[in-house]
Amino acid sequence: MNKQTITIGIIGAGSIGSLFGGYLANISSDEYNINMFFFGREAHINAINENGLLIQTKTDSIRINNIIGYTSPKAYLRDNKDERFNFIFLTTKAYDIRNALFEYRELISLTNWLVILQNGIGNEEIAKDFIIDSKIIRAITSNGALLTDSGTVKHTGEGFTKIGLAFKKNIAKDQKTQAYNSLELLKSLFSNAGIKIEMEDDIIRNCWEKVFVNIGINAVGALTRLRNGELLERNELKKLMRDAINEAIMIAKVKKIKLTDKDFVKLCFDVAKKTKNNINSMLQDIMKGKKTEIDFINGRILKYGQEFELDVPINRMITILIKGLEDSNL
Ligand SMILES: NC(=O)c1ccc[n+]([C@@H]2O[C@H](COP(=O)([O-])OP(=O)(O)OC[C@H]3O[C@@H](n4cnc5c(N)ncnc54)[C@H](OP(=O)(O)O)[C@@H]3O)[C@@H](O)[C@H]2O)c1
């Protein structure tokens, strides 16, 4: 049987990008041949080009040797002329989305699909400036990954990944079948790579519902320096988390996001309880003196609130405080 060649690029091959790109590159199947290109920072890319990528799981170490890494689009285009990509994944932090898409705009013009695999809401709106909206796939994941060294990524937690068309309504009737076939192909690739995958009809709703949990936990944890479970030991903090989520739900409804009837505050508290020993990612960023994704979490609620002239005082205060913390060098 002739194998189908699938060419994939990962822009921002850091923790989550290397994990997903690594598993996809490692597919061993009668159906697919994978060409995998990583675009990232020098030390990590050099290590991969010299020794391959090492994925460490709880039980295993997998070395993947068929990834080719680049640190710029120019170097890739010099070597590969204008070979097309089936999928380009964008896996930078959300705050880097515009710069990364601008830097790699020539490659973006060579892909059938841009897959935005990031946390946050509104990310796809920025991507629309670089690719036609009907070619954007959104993906979210509850897998955990950490670059522990150049060339080495640790799979820190198993989870689910969800994919869907970001602007489903804007896909022309005669292109719908092709779009769903591409989603099916992506789903099949993920499954072959051992990544638990679900296709979602309304992925944007899923992004919002995931971000409600982040809105409750991340910034409050970062400001108080408390682990997820410790947030639940203080009624005042639980009230703050509840108020922040309720503001976000109000904005989602104004934006006509068709939310399910879950109790999102309870869901957030349940997640905090389940992950009680975790130091959330925003607190980790603050502890490392790094920028956070606040603008795509609580800050997005503030931005949309301003657009609709709706006051969201809790998310406004939280966003301002986190930005202050980002600037602190103490
Ligand atoms: N890690 C996880 O467990 C996890 C789980 C679920 C969701 N997510 C989400 O996934 C997204 C990525 O997170 P992450 O943890 O993988 O972040 P990360 O480890 O910081 O990886 C992002 C990588 O992109 C690089 N980058 C930024 N701009 C670039 C550019 N223009 N060209 C090339 N490389 C560029 C960064 O380099 P510099 O650092 O040098 O800028 C970094 O190496 C975030 O939205 C995060 O919330 C992560």
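This is a predicted model: local features need pLDDT of at least 70, side-chain atom pairs count only at pLDDT 80 or more; totals for chains, interfaces and linings use all residues.
Local features are taken from residues with pLDDT of at least 70 and side-chain atom pairs count only at pLDDT 80 or more, whereas totals for chains, interfaces and linings use all residues. Residues are numbered from 1 along each chain as its sequence is written, and side-chain values use heavy atoms, with hydrogens and water left out.

**Cavity**

- The structure holds 1 cavity of 30 Å³ or more, a cavity being a set of points on a 1 Å grid over the protein atoms alone where a 1.4 Å probe fits but cannot get out.
- The volume of the largest cavity is about 40 Å³, where a volume is the space filled by probe spheres set on the grid points, which are joined across faces, edges and corners.
- Its lining is formed by W113, S134, K135, I171, Q175, Q178 and A179, lining residues being those that have an atom within 4 Å of a point.
- These lining residues divide into 3 nonpolar, 3 polar and 1 charged, with Ala, Val, Leu, Ile, Met, Phe, Trp, Tyr, Cys and Pro counted as nonpolar, Asp, Glu, Lys and Arg as charged, and the others, Gly among them, as polar.

**Salt bridges**

- The model has 16 salt bridges, each defined as a side-chain nitrogen of Lys or Arg within 4 Å of a carboxyl oxygen of Asp or Glu.
- One of them joins E200 to K162, with the closest N and O atoms 4.0 Å apart; this pair links distant parts of the chain, 38 residues apart, since E200 lies in the loop between β12 (197-199) and α8 (203-224) and K162 in strand β11 (residues 161-165).
- E200 is buried at a relative accessible area of 18%, while K162 is partly exposed at 23%; buried means under 20% relative accessible area, exposed over 50%, and partly exposed in between (1.4 Å probe, protein chains only).
- The side chains of D311 and R316 form a salt bridge at 2.9 Å, N to O, in which D311 is exposed at 52% and R316 is partly exposed at 33%.
- Another salt bridge, at 3.8 Å from N to O, brings together E233 and R234, of which E233 is exposed at 59% and R234 is partly exposed at 34%.
- R205, E209 and K262 are linked in a network of salt bridges.

**Helices**

- Helices (H or I, at least four residues) and strands (E, at least two) are DSSP runs, numbered from the N terminus.
- Helix α14 (residues 313-327) has 15 residues and reaches 21 Å from its first C-alpha to its last, close to the 21 Å expected at 1.5 Å a residue, the expected span being 1.5 Å times one less than the number of residues.
- Within α14, I314, N315, I318, T319, I322 and E326 are buried, and seen down the axis they fall within an arc of 125 degrees, so they line one face of the helix; the arc is that of the directions from the helix axis to the C-beta atoms.
- The face of α14 turned away from that buried side carries the exposed residues I320 and D327.
- Helix α1 (residues 15-25) is mostly covered, with 10 of its 11 residues buried, including F20, Y23 and L24.

**Loop residues with positive phi**

- Most residues other than glycine have a negative phi.
- R225, in the loop between α8 and α9 (228-231), has a positive phi near 60 degrees and is exposed at 51% relative accessibility.
- K256, in the loop between α10 (235-254) and α11 (264-274), has a positive phi near 65 degrees and is exposed at 69%.

Terms used
On a 1 Å grid over the protein atoms alone, a cavity is a set of points where a 1.4 Å probe fits but cannot get out, and a pocket is an open set with protein on both sides within 12 Å along at least five of seven lines; lining residues have an atom within 4 Å of a point.
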